[in-house]
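Me: Please give me a close look at one part of this model. Follow how it is put together, and then look around it. Keep it brisk.

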Amino acid sequence: MLQVNPERFLKTLHQLREFGAARVGKGVVRPAYSPQDIAARDWIAQQIRSAGLDARFDPVGNLFGLATDKSLLLGSHTDSQPEGGWLDGALGVMAALEITRASKEQGGPPVSVVNFQDEEGRFGVTTGSAVWSGQLSLESADQLEDRSGISFSDARKTLGDRCGDFIDPRHFNGFVEMHIEQGPSLDRAWQKIGVVTDIVGIRDLNITFCGAQNHAGTTPMDARQDAFQALAKFNQLLNDRFRNIVTPQTVWTIGHVALHPNAASIVPGKVMFSMQWRDGDAHRLLQMENVVRDTASDIARDQNMALSFGVMRGLDPVAMDEKLQQALQTSAGEIAPNAWRSMVSGALHDATNVAALMPTAMLFVPSINGISHDFCEDTSEDDLVVGLRVLARAVDRLS
Ligand code: GLV
Ligand code: MN
Ligand code: MN
């Protein structure tokens, strides 16, 4: 049976945090293609080589560690949100690395590693795995821009001559991604492991209201075309209209707002904001899209705003592979008896894209207080090691 080395695993996880370590908590700032992200990837490539695997960057910066034979693929991503936690994605990559090392040392099954690029969506939604899996063409990805107008095409050039060809997915017979839950279910129930049954779908749409910029002291209230007021009314009306469509599991977020010119004494003339919604039912996602578009049009008409929509981005809900789930469930039952559950993932993962290519599954460990996408994100080291052991046991079982 594969014996992992918890001390070595935790040490590499802490070493990885040094790339882009925030001054607050255990957080990291390591957005895709930033110098910190690229330095981390170079370090991981060295780790991959020292584990006896073939390290390869593909054209978008996904980093693979290939076993010689056809194998199971383990991993996740190491890019972070603008204010990210130290475990989101990093955990899955470092767990994968430890299992490949342990397996090599003990003559276990071949295991390959992947570290996907831009999972956190600086450019798209899980961009690196979306391109690798063929869900998004490289040509379309290259047109994507981040909030400062830098294109994906330019960003990936920063990788220079590291990049080779795309890796043939036929090299792998399945993918398992270990991750933190990023929500409160396991922590609240004092459970150690979640085996994912499905990953919800997501839609992301940028919306712009254009009114009229003017003097905040002299423009009468009834003569204003105030973009902030339009956004505030949109938000209220949308929440109201969603009530008949959503379930307690549905979520929606206006997470980014750019108000122009964003000054105390100017009636704002323009607002661009992100509108994101997530649900496990693709039909509900579509119903919500119709409500979003209709509500924005109604508000634009009532508030005398010009309205424009960006390009809709998204991923559909997906189910995880039954056989891989079973291997994780049995392993969880052995290592964390009565302390695991099957659950839906409300967060997105590269696994969504990879599921289009091969049998795919995920396992979760608890997030303390359910906090993630925040510098305070954390998990007890004991729980990280339980997750590693369940993953290793499942790899053993599947080989
Ligand atoms: C991935 O980080 C997500 O936003 O769910
Ligand atoms: Mn993640
Ligand atoms: Mn994330």
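Reply:
**Helix α1 and its neighbours**

Helix α1 passes α3 in a right-handed crossing. A crossing is right-handed if the near helix is turned clockwise from the far one by less than a right angle, and left-handed if it is turned anticlockwise. Helices here are DSSP runs of H or I with at least four residues, strands are runs of E with at least two, and both are numbered from the N terminus.

Some ground rules come next. This is a predicted model: local features need pLDDT of at least 70, and side-chain atom pairs count only at pLDDT 80 or more, while totals for chains, interfaces and linings use all residues. Residues are numbered from 1 along each chain as its sequence is written, chains are lettered from A and ligands numbered from 1 in the order written, and side-chain values use heavy atoms, leaving out hydrogens and water.

Back to the helices. Two packed helices are described by the angle between their axes and the distance between the axes. Helix α1 covers residues 6-17, and its axis lies 9 Å from that of α3, at an angle of about 140 degrees (axes are lines fitted to C-alpha atoms, for helices over the stretch in contact, and angles run from 0 to 180 degrees between N-to-C directions). That angle makes α1 oblique to α3. The cut-offs are these: under 35 degrees is roughly parallel, over 145 roughly antiparallel, 65 to 115 roughly perpendicular, and the rest oblique.

Which residues meet? From α1 come Arg 8, Phe 9, Thr 12, Leu 13 and Leu 16. They meet residues of α3, among them Leu 91, Met 94, Glu 98 and Arg 101. Contact means heavy atoms within 4.5 Å. By class, this contact of α1 with α3 has eight nonpolar, one polar and four charged residues. Ala, Val, Leu, Ile, Met, Phe, Trp, Tyr, Cys and Pro count as nonpolar, Asp, Glu, Lys and Arg as charged, and the others, Gly among them, as polar.

Helix α1 also meets helix α12 (residues 381-398). Their axes come within 11 Å and cross at roughly 115 degrees. The crossing of α1 over α12 is right-handed. Pro 6, Phe 9, Leu 10, Leu 13 and His 14 of α1 touch Glu 381, Leu 384, Val 385, Leu 388 and Arg 389 of α12. By class, the contact of α1 with α12 has seven nonpolar, one polar and two charged residues.

**The metal pair**

Now turn to the metals. The manganese ion (ligand 2) takes His 77 (NE2), Asp 88 (OD) and His 179 (NE2) as protein donors, at 2.0 to 2.3 Å. Donors are N, O and S atoms within 2.8 Å of the metal (3.2 Å for Na, K and Ca); water is not among the atoms, so sites may look incomplete. Along the chain, the donors of ligand 2 follow the spacing H-x10-D-x90-H. His 77 sits in strand β3 (residues 71-77), and Asp 88 in the loop between β3 and α3 (90-105), eleven residues apart.

His 77 counts as buried because its relative accessibility is 0%. Asp 88 is buried as well, at 6%. Buried means under 20% relative accessible area, exposed over 50%, and partly exposed in between (1.4 Å probe, protein chains only).

Glu 120 is buried at 13%, whereas His 373 is partly exposed at 38%.

Most residues other than glycine have a negative phi, and most peptide bonds are trans. Thr 126 has a positive phi, near 50 degrees. Thr 126 lies in the loop between β4 (111-116) and α4 (127-132) and is buried at 1%. Asn 338 has a positive phi of about 60 degrees. Asn 338 is exposed at 78%. A cis peptide bond joins His 260 and Pro 261, with omega about 0 degrees. Pro 261 is in the loop between β10 (257-260) and β11 (266-267).
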